[in-house]
Amino acid sequence: MLTVAPAVSSSETKSLCQGQLPYQWHGRSLTQAGTYKDTLQNQVGCDSIVTLVLTVAPAVSSSETKSLCQGQLPYQWHGRSLTQAGTYKDTLQTRWVVTPSVTLVLTVAQR
């Protein structure tokens, strides 16, 4: 009697941020969002098809400029107390687990 094992397949989803690429999957280095398939051999020697749905959230960045007078210092920005002119950077966590980059250019007018 011949017994034929059914084809085995599975799928998985993965969500990443742009900065987390490349993503290693079954010996492949994935660099963009998409649907990927791989054929593996299972324990009884049959092919097993694995599908990955990879989504990639874009990197986000923003910048702002703030001009103050000396008497308006310190300036509170993202939990930091800034006391002089300069360029400051921060990263924030969002619900997508993306870490957007935020830049502040702070100028301070002297009296």
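Two strands count as paired if DSSP finds at least two bridges between them. Keep that in mind as we walk through this structure, which is a predicted model.

Let's start with strand β6. Nine bridges join β6 to strand β10 (residues 101–109), and the two run parallel. With at least two bridges needed for a pair, β6 and β10 count as paired. If you want one spot to look at, find Ser63, which sits opposite Thr103 in β10.

Now zoom out to the sheet itself. This is an open sheet of three strands, in the order β6-β10-β9, and its pairing is mixed. Which strands stand at the edges? They are β6 (61–69) and β9 (86–91). Each has a single partner strand, so one side of each is left without a neighbour in the sheet. From one strand to the next, the twist averages 20°.

Next, hop over to Thr51, which belongs to strand β5 (residues 47–57). Is Thr51 buried or exposed? Its relative accessible area is 13%, and buried means under 20%, so Thr51 counts as buried. Leaving aside neighbours within four places in sequence, Thr51 touches several residues, including Ser10, Trp25 and Tyr36. Lys37 is also in contact with Thr51, and the side chains of Thr51 and Lys37 make a polar contact at 3.3 Å.

Thr13 has a relative accessible area of 65%, so it's exposed. Beyond its neighbours within four places in sequence, Thr13 is in contact with Leu52 and Val53. Thr13 and Val53 are 40 residues apart in sequence, yet their C-alpha atoms are 4.7 Å apart in space.

Terms used: Residues are numbered from 1 along each chain as its sequence is written. This is a predicted model: local features need pLDDT of at least 70, side-chain atom pairs count only at pLDDT 80 or more; totals for chains, interfaces and linings use all residues. Side-chain values use heavy atoms; hydrogens and water are left out. Helices (H or I, at least four residues) and strands (E, at least two) are DSSP runs, numbered from the N terminus. Buried means under 20% relative accessible area, exposed over 50%, partly exposed in between (1.4 Å probe, protein chains only). A polar contact is a pair of N or O atoms within 3.5 Å; within protein, one must be able to donate a hydrogen and the other to accept it, and residues adjacent in sequence count only if both atoms are side-chain atoms. Contact means heavy atoms within 4.5 Å. Axes are lines fitted to C-alpha atoms, for helices over the stretch in contact, and angles run from 0 to 180 degrees between N-to-C directions.
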